[in-house]
Amino acid sequence: MIYILRNLTTRRVRTGLSMLGVSVSVAAVVALISVATGLRSSIDSHMEGSGADLTVFLRDAADLHYSQVKGGDIARIERIEGVREVNRANFTAVMAPRVGEGHESVGILFCFGRLPHERIMRQYEESLVEGRMPEGPSEILAGSVVAEQMGLRVGDTLPIFHAPVHGVE
């Protein structure tokens with residue numbers, strides 16, 4: 001025991017750097033767990049707010065976000081007795097581009113893809129501030145916070161996924 005304490009006090013810089021390394025590692029793990037927990041909570045809240053009774057994803061998917069349910073599977077689910085409606089959801093996170101003069105990127109932008117005619121989209125109609133609901137592909141509905149931070153206006157084009165996506169007018 002005395003040898004260990006003497007070694008630690010003799011090599012103070014190495015001891016300090018080792019302690020710093022362990023502290024940073026522990027802090028990084030805690031931060032990652034916090035971010036993952038917050039993201040999961042956000043997605044759970046979104047799914048709960050959608051009124052979904054059942055979420056379907058591939059058995060072999062490493063994570064729900066990497067699951068791709070094919071069109072034929074969706075058709076089979078729609079034919080199950082008691083199923084009133086099937087709503088599809090795509091989820092991804094992208095680095096938001098810089099748009100608008102004098103506005104900075106919001107960093108990571110979480111995107112939920114929905115089909116315009118599905119029931120889940122109706123919940124946004126009441127809170128629509130301006131513009132109209134999306135009606136087709138490559139149209140987005142941006143929240144007021146993201147729109148303000150990025151300097152987006154109705155009808156602007158937002159280049160994500162290597163393709164232009166249009167704000168609806």
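**Close-up views of a predicted chain**

**View 1. The whole chain.** Of the 169 residues of the chain, 17% count as buried, and the model shown here is a predicted one. The chain holds 5 helices and 5 strands, which follow one another from the N terminus in the order α-α-α-β-β-α-β-α-β-β. Where contacts join residues at least 6 apart in sequence, 47% of them link residues at least 24 apart. The accessible surface of the chain amounts to about 13,000 Å², and carbon and sulfur atoms account for 57% of that area.

**View 2. The largest nonpolar core.** This core consists of 9 residues, namely Val 94, Ala 96, Leu 109, Cys 111, Ala 147, Met 150, Leu 152, Leu 158 and Ile 160. Two or more of these residues come from each of strand E2 (108-113), helix H5 (144-150) and strand E4 (157-160). In soluble globular proteins, nonpolar side chains tend to be buried together.

**View 3. A nonpolar patch on the surface.** Met 1, Tyr 3, Ile 4, Leu 5 and Leu 8 form this patch, and together they have about 590 Å² of accessible area. One of its members, Leu 8, belongs to helix H1, which covers residues 2-10. Leu 8 counts as partly exposed because its relative accessibility is 41%, a value that falls between the limits of 20% for buried and 50% for exposed.

**View 4. Asp 156 in its loop.** Asp 156 is found in the loop between H5 and E4, and with a relative accessible area of 23% this residue is partly exposed. A polar atom of the Asp 156 side chain lies 2.7 Å from the backbone nitrogen of Arg 153.

Note on methods: Residues are numbered from 1 along each chain as its sequence is written. This is a predicted model: local features need pLDDT of at least 70, side-chain atom pairs count only at pLDDT 80 or more; totals for chains, interfaces and linings use all residues. Side-chain values use heavy atoms; hydrogens and water are left out. A nonpolar core is a set of buried Ala, Val, Leu, Ile, Met, Phe, Trp, Tyr and Cys residues joined through side-chain atoms within 4.5 Å. Buried means under 20% relative accessible area, exposed over 50%, partly exposed in between (1.4 Å probe, protein chains only). Helices (H or I, at least four residues) and strands (E, at least two) are DSSP runs, numbered from the N terminus. Patches are made of residues with over 30% relative accessible area and no salt bridge: like charges are joined within 9 Å, nonpolar side chains (Val, Leu, Ile, Met, Phe, Trp, Tyr) within 5 Å. Accessible areas come from the Shrake-Rupley method with a 1.4 Å probe; for residues, only the protein chains shown count as cover. A salt bridge is a side-chain nitrogen of Lys or Arg within 4 Å of a carboxyl oxygen of Asp or Glu. A polar contact is a pair of N or O atoms within 3.5 Å; within protein, one must be able to donate a hydrogen and the other to accept it, and residues adjacent in sequence count only if both atoms are side-chain atoms. Contact means heavy atoms within 4.5 Å.
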